[in-house]
Amino acid sequence: MSSSCCEEKSCDLEQIRDSHSRVLKIVLAVNLVMFVVEFAFGLLARSTALMGDSLDMLGDATVYAMSLYVVTRSLRIKAKVTLVKGAIMVLLGLIVLAEAIRTVLSDVLPVSETMGWIGTVALGANAFCLWLLTRHKNDDLNMRSVWICSRNDIIANVSVLVAALLVGTLQSQWPDVIVGSIISLLFLGSGLSVFRGALKTLSPQN
């Protein structure tokens, strides 16, 4: 009876890991494609917000790849990799903040139409990823941090769309700069939050 119970638990655990791997592979592919699309059109549109969002996609692709690597690893290894993921999120926040400053100094008006169209495509892609990840957000620390990244993407996408509308209406670069700055602060805060969760898991008490 005990042996049968252990076998059932082992089987359930394996199914969960397989499910995590499938979901992570899908969101990894989506984010890699969207990084290329957003970065290219961000350059063409001269948009800090779009380029910042593209870096977000690249960072998420890296995070998902790392999460895929640790799916079958121990809780302690997952926590250590999560520390690296937190560092990536913080780094991306600093990069976007620097890009916002560069935009202010260059005094270039972004192309609001391109921002709007590409921002809408990115929002749809991230909404799909968030939908896939939501059912797994409480499975473990690894999947929780991945879900946080995806949730932040939705917030960033909506902000890009608002910036596109304001840039077109006001004919000013400032909405684009402000959104870029907000995205950077969001990443910095989330990165620190992920860091704290990983450190708590790695503490001697756990």
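Hi everyone. Let's start with Phe39, which is partly exposed, with a relative accessible area of 30%. Before I go on, please keep in mind that this is a predicted model.

Phe39 has a partner. Together with Phe35, Phe39 forms an aromatic pair of the tilted kind, with 5.8 Å centre to centre and 35 degrees between the planes. Is Phe35 buried or exposed? Phe35 counts as buried, because its relative accessibility is 18% and the cut-off for buried is under 20%. The count of aromatic pairs in the model comes to 2.

Let's stay with H1 for a moment and look at the inside. The largest nonpolar core has 25 residues, and the members that touch the most others are Leu24, Val27, Met34, Tyr64, Leu133 and Val146. Which helices supply at least two residues each to this core? They are H1, H2, H4 (112-134) and H5. H1 gives the most, with 7 residues. As background, nonpolar side chains in soluble globular proteins tend to be buried together.

Setting aside neighbours within four places in sequence, Leu133 is in contact with Val23, Val27, Tyr64, Met143, Val146, Trp147 and Ser150. Apart from this core lies another one, of 18 residues, including Ala49, Leu50, Leu92 and Ile183.

One is Met89 in helix H3, residues 75-106. Met89 counts as buried, since its relative accessibility is 5%. Where does the chain come back to meet it? Met89 and Gly191 are 102 residues apart in sequence, yet 4.8 Å apart in space, C-alpha to C-alpha. Not counting residues up to four places away in sequence, Met89 touches Cys149, Asn152, Phe187, Leu188, Ser190, Gly191 and Val194.

The other is Asp153, in helix H5. Asp153 is buried, with a relative accessible area of 0%. Which residues surround Asp153, leaving aside those within four places in sequence? Its contacts are Asn31, Asp56, Asp60, Tyr64 and Asn126. Asp153 and Phe187 are 34 residues apart in sequence and 9.8 Å apart in space, C-alpha to C-alpha.

Next, a look at the loops. Most residues other than glycine have a negative phi. Arg46, which is not a glycine, has a positive phi of about 55 degrees. You'll find Arg46 in the loop between H1 and helix H2 (48-70), and it is partly exposed, with a relative accessible area of 43%. Gln171 also has a positive phi, of about 50 degrees, without being a glycine. Gln171 sits in the loop between H5 and helix H6 (174-202). Gln171 counts as exposed, because its relative accessibility is 53% and exposed means over 50%.

Finally, let's go to the surface. Val158, Val162, Leu166 and Leu170 make a nonpolar surface patch of about 330 Å². Leu170 is found in helix H5, residues 141-170, and Leu170 is exposed, with a relative accessible area of 54%.

Note on methods:
Residues are numbered from 1 along each chain as its sequence is written. This is a predicted model: local features need pLDDT of at least 70, side-chain atom pairs count only at pLDDT 80 or more; totals for chains, interfaces and linings use all residues. Side-chain values use heavy atoms; hydrogens and water are left out. Patches are made of residues with over 30% relative accessible area and no salt bridge: like charges are joined within 9 Å, nonpolar side chains (Val, Leu, Ile, Met, Phe, Trp, Tyr) within 5 Å. Accessible areas come from the Shrake-Rupley method with a 1.4 Å probe; for residues, only the protein chains shown count as cover. A salt bridge is a side-chain nitrogen of Lys or Arg within 4 Å of a carboxyl oxygen of Asp or Glu. Helices (H or I, at least four residues) and strands (E, at least two) are DSSP runs, numbered from the N terminus. Buried means under 20% relative accessible area, exposed over 50%, partly exposed in between (1.4 Å probe, protein chains only). Rings of Phe, Tyr and Trp (its six-membered ring) pair if their centres lie within 6.5 Å; planes under 30 degrees apart count as stacked, over 60 as edge-to-face and the rest as tilted. Contact means heavy atoms within 4.5 Å. A nonpolar core is a set of buried Ala, Val, Leu, Ile, Met, Phe, Trp, Tyr and Cys residues joined through side-chain atoms within 4.5 Å.
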